[in-house]
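User: Can you walk me through this one? I'd like to go over a few contacts and a helix.

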Amino acid sequence: MAPTSLGQLKPRKQPVQDRSHATVDAIFEATVQVLLRDGARKLTTRRIAERAGVSIGTLYQYFPGKEALLYALVSRQLDLAASAVEEACRENHGRPINQCSDTFVNAYIDAKASNPESSRALYQATAGLDMKELIDTAIMRLHRAAYSLLASSSDDLVDDLDTVVFSLIAVVTGGTRQIFEGDDTATRLPTFREQLARMCRAYLNESKVPKRV
């Protein structure tokens, strides 16, 4: 897929009524199904429309092309993942540092693991798209959630928390993406989850400084 400018990736209109939301949801689901069945090279708007049970004209009412459709689909998935992590972090404020660490790691992996084949297909299909704006927004949300969670920990403080959170997110998101881009995700994921959690706990504990009395 050739690189595509950000201007070409914006949807033509947003769904407002329930029926419109249902149509867009069907188009999104069909996109994933075609990707899984036929692969990124054979993904076309016509195949997506046929799979979704809508006309090609209806699809184009919302998306100018398959690149814009993929962009919107990734945007929704990133939003769902960030929302899940934010909720988990809020629910675990004030816990010990190890539990805070496990909360963040498991919430992020769980969000990605809800449909691993879909995640892998989207990673491969969007390689040529300009996703920087979407990714930056999602990372900012993850950073705020993790920072607030760790700052609330009942344990000692974490030194230079902003830098620690930056490194934590880089390791968790980068490692998780590598797992889901591989062909043996189901085999590797349990061990990866355990080892990533252990590594993050060790890093955070090493970064602690005593609270002032």
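User: Which residue forms a salt bridge with E86, and how far apart are the closest N and O atoms?
Analyst: R141 does, with the closest N and O atoms 2.9 Å apart. A salt bridge here is a side-chain nitrogen of Lys or Arg within 4 Å of a carboxyl oxygen of Asp or Glu. This is a predicted model, where local features need pLDDT of at least 70, side-chain atom pairs count only at pLDDT 80 or more, and totals for chains, interfaces and linings use all residues. Residues are numbered from 1 along each chain as its sequence is written, and side-chain values use heavy atoms, leaving out hydrogens and water.

User: Where do R141 and E86 sit in the chain?
Analyst: R141 is in helix α7 and E86 in helix α4 (residues 66-91), 55 residues apart. Helices are DSSP runs (H or I, at least four residues), strands too (E, at least two), numbered from the N terminus.

User: Is R141 buried or exposed?
Analyst: R141 is buried, at 16% relative accessible area, and E86 is buried as well, at 18%. Buried means under 20% relative accessible area, exposed over 50%, partly exposed in between (1.4 Å probe, protein chains only).

User: Switching to α8, which residues are exposed on the face turned away from its buried side?
Analyst: F166 and Q178. Among the buried residues of α8 are L161, V165, L168 and V172.
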